[in-house]
Amino acid sequence: MGTIGNKKTPREAVAQIKSGDHIYLQGSTSIPETLVEALAERGDELRNVTIYSGFAVAKGPSPLCRPEYKDSFLIDSFFVNNSVREWIAEGYGATTPRFLGEVPALFREGYWKLDYAFINCSLPDEEGYVSFGVSADVAVSAVECAKHVIAQINPHMPYSYGDARIHLSKLSAWVDSEEPLVEVATSKPTEKEIKIGNYIAAEIPDGATLQIGVGGIPNAVLSALRDHQHLGLHTEAMTDGVLPLIKAGIIDNSQKKVMPGVSVASLALGSKDLYREMDYNKEMIFKDVAWTNDPFIIAQNPDVMSINSCLEIDLTGQICADSIGRKIYSGIGGQHDFVYGSSLSKGGKSFLAMLSTTSRGESKIKPVLKEGSGVVTTRFQADRIVTEHGLVCLKGKSLPERAKLLISIAAPEHREELEKEALKRFGYSFSRLL
């Protein structure tokens, strides 16, 4: 598999790639851009190279996604990120539906062939180990299953503890890189998002274990937890929003049953502040996403609070979070894993939150989902739904009862029309509730 001295230029490192190979690109904020750009330069020479990509925030569209390379690089994404979103929307690439926690099994059980894994790593420690830093998630299984691993060694990558480490001697090749990690700015919550955050925080008990998503609403929730005590963190994505709670001792992980005393995540999305905090920090552990997102591991913690966002919901509680009509916008991520895990946790709750309207003023609470929309969380799993107009619990509620509750947290200007649609659908069983 190589030696410690197997350093190459980017062009030399990707020279071994041949037509028909299958390559995994690491995600999070650490797409190995130096290697990707070198591979793109070989686009005229290669055909049918399958590229597996997933949850990531890229600096821009991938250089592999060029019309002249449509037969060179075949993009297959299990979570549509911004580097490949338009390419897939235009019909050149594809997406494979899969719960994020189950993606590693595609490699480990042989559903996906994997010749190479391209990863972005920290500088080596004294023993010659490098860390995948902000991206353990799927990278752990990809590195385990790939025939060859090519890394870019990057001083900007923090050294994180957990599953995501490899010795330099195990690399087929490595290159120097000075590519800064993509930074995900902390979203300042709007007035409406602050209302949502307060509704959710009021339902979270002291000692709860948190799974927090990304964006303005999750940050609003975290800001509203400043008076809580003894919270724990077992999440898919670690963000800047948790840092004030960790530094203040509010997140102390003292009540968790799984890995007590440390904050656990699968990946990180944030700023340089977060990356600096992670570096050689043994109180932050990054694990294989097949482990962090296992509902039965999640459920072992008490009072698991799963907090995620969604794009729209219908009057029966079907929740779309991955697509806008027929256009695949992102992926399922860990939403299902944590919704299910929280339902199995003693005292657990799941919150699906969104603003009540789109930027165009359309209601996100709909009689039926838009044609082509995917159901990420089924009506059978829906728990607490939150907008700026309130929080409702759908557990144990009939379809007409759900419709009434959801209409109560819709934008006021849309409620009359939603009531008319509910009457058409549910008849007297709905009208008797009015």
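Six strands make up an open sheet, in the order β12-β11-β17-β22-β24-β25, and their pairing is mixed. The edges are taken by β12 (232-233) and β25, each with a single partner strand, so one side of each has no neighbour in the sheet. The model shown here is a predicted one.

Inside this sheet, β11 and β17 pair in the parallel sense over four bridges. I212 stands opposite I307 in β17. On to the next strand: β17 and β22 are also paired in the parallel sense, over five bridges. The bridge partner of I307 in β22 is F351. Helix α12 (residues 335-344) lies across β11, β17 (304-309) and β22 (349-353), and runs at about 150° to β17.

Strand β11 (residues 209-212) contains T209. Is T209 buried or exposed? Its relative accessibility is 1%, so T209 counts as buried. Leaving out residues up to four places away in sequence, T209 touches G232, L233, H234, K256, N301, P302, D303, V304 and M305.

At the other end of the strand order, β24 and β25 run antiparallel and are joined by four bridges. The bridge partner of R384 in β25 is C393.

Next comes helix α13 (residues 399-408), whose buried residues are P400, R402, A403, L406 and I407. These residues cover an arc of only 155° around the axis, which means that they lie on the same side of α13. An α-helix has 3.6 residues a turn, so residues three or four places apart point the same way. Among the elements that cover the buried residues of α13 are β24 (384-387) and β25 (390-393), together with β18 (312-314), β23 (365-366), α14 (412-426) and α15 (428-431).

β18 and β23 pair in the parallel sense, over two bridges. D314 stands opposite K366 in β23.

Now turn to a pair of helices. Helix α6 (residues 191-201) packs with helix α7 (residues 216-223) at an angle of about 55°, and their axes are 8 Å apart. The two helices are therefore oblique to each other. Their crossing is right-handed. On the α6 side the contact is made by E193, I194, I196, G197, I200 and A201, and on the α7 side by G216, I217, A220 and V221.

The last stop is a loop. G27 lies in the loop between β1 (22-25) and α2 (33-40). With a relative accessible area of 3%, G27 is buried; the cut-off for this is under 20%. Which residues does G27 contact, leaving aside its neighbours within four places in sequence? They are F55, A56 and S135. G27 and G54 are 27 residues apart in sequence, while their C-alpha atoms are 6.0 Å apart in space.

Note on methods. Residues are numbered from 1 along each chain as its sequence is written. This is a predicted model: local features need pLDDT of at least 70, side-chain atom pairs count only at pLDDT 80 or more; totals for chains, interfaces and linings use all residues. Side-chain values use heavy atoms; hydrogens and water are left out. Buried means under 20% relative accessible area, exposed over 50%, partly exposed in between (1.4 Å probe, protein chains only). Contact means heavy atoms within 4.5 Å. The arc is that of the directions from the helix axis to the C-beta atoms. Two strands pair if DSSP finds at least two bridges between them. Axes are lines fitted to C-alpha atoms, for helices over the stretch in contact, and angles run from 0 to 180 degrees between N-to-C directions. Angles under 35 degrees count as roughly parallel, over 145 as roughly antiparallel, 65 to 115 as roughly perpendicular and the rest as oblique. A crossing is left-handed if the near helix is turned anticlockwise from the far one by less than a right angle, and right-handed if clockwise.
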